[in-house]
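Visitor: I would like to learn how to read a sheet and the helices packed on it. Please take me through an example.

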Amino acid sequence: MIRLEVPGTPAPKGSGRAILINGRARLVASSSNVNRGKQASWASAVTYAVADRGGATVAWMDEPVVLACLFRFPMRAKDLGTGRNAATPKPHAPTYVTQGSGDVDKLIRCTADAVTAAGCIWRDDSQMIAMAARVYVPLGLPLVSTLILGIDRFEILGALSTLLGEAEA
């Protein structure tokens, strides 16, 4: 099992659409340029975290892999106090993000593509047989998302459960 700590704000990967060019289907991004910088920054952080763990090829290059993610997002300004309470969350501040973070499947898509680009965990993200994710707002914790990868789905889901327990404690 591999556990990666990735600093930064996760970014979703936009949807794509197929168009015909000279009788062949081509996939083009249907999202605007607004999020491309955030996608590139997040993908770069994930790729660096994979390379930083040693960069050695793992034995799962051809194995089915399970991915579990705990995505952490910064608290929204409207959920923080003002003045001397600027760093204190308001009582109604959410623990989990439901808007503005992007769909969780698009967060996983961007993250999995970045792991694929690193080239040392799996050959392609199509090797994922299961995934789990949680979008979370840490109160006073560093903005670091956690990725857990492995080949035993029970071990991975147990590790994610433990991680969620740590995050909420």
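Visitor: Which residue in strand 5 does Cys-69 stand opposite?

Guide: Strands of a sheet pair through backbone hydrogen bonds, either parallel or antiparallel. In this predicted model, Cys-69 stands opposite Ala-133 in strand 5. Strand 4, residues 65-72, pairs with strand 5 in the parallel sense, and the pairing runs over eight bridges.

Visitor: In what order do the four strands form the sheet?

Guide: The order is 1-6-4-5, in an open sheet with mixed pairing. Strand 1 (2-7) and strand 5 (128-136) each have a single partner strand, so one side of each is left without a neighbour in the sheet. From one strand to the next, the twist averages 15 degrees.

Visitor: Which strands do helix 1 and helix 2 lie across?

Guide: Helix 1 (residues 36-52) lies across strand 1, strand 4 and strand 6 (144-150), at about 140 degrees to strand 1. Helix 2 (residues 104-118) lies across strand 4, strand 5 and strand 6, at about 120 degrees to strand 5.

Visitor: How are the axes of helix 1 and helix 2 placed?

Guide: Two packed helices are described by the angle between their axes and the distance between the axes. Here the axes of helix 1 and helix 2 come within 8 Å and cross at roughly 50 degrees, which means that helix 1 is oblique to helix 2. Their crossing is right-handed. Among the residues that make the contact are Trp-42 and Val-46 of helix 1 and Cys-110 and Ala-114 of helix 2.

Visitor: How many residues of that contact are nonpolar, polar or charged?

Guide: Eight are nonpolar, three are polar and none is charged.

Conventions
Residues are numbered from 1 along each chain as its sequence is written. This is a predicted model: local features need pLDDT of at least 70, side-chain atom pairs count only at pLDDT 80 or more; totals for chains, interfaces and linings use all residues. Side-chain values use heavy atoms; hydrogens and water are left out. Two strands pair if DSSP finds at least two bridges between them. Helices (H or I, at least four residues) and strands (E, at least two) are DSSP runs, numbered from the N terminus. Axes are lines fitted to C-alpha atoms, for helices over the stretch in contact, and angles run from 0 to 180 degrees between N-to-C directions. Contact means heavy atoms within 4.5 Å. Angles under 35 degrees count as roughly parallel, over 145 as roughly antiparallel, 65 to 115 as roughly perpendicular and the rest as oblique. A crossing is left-handed if the near helix is turned anticlockwise from the far one by less than a right angle, and right-handed if clockwise. Ala, Val, Leu, Ile, Met, Phe, Trp, Tyr, Cys and Pro count as nonpolar, Asp, Glu, Lys and Arg as charged, and the others, Gly among them, as polar.
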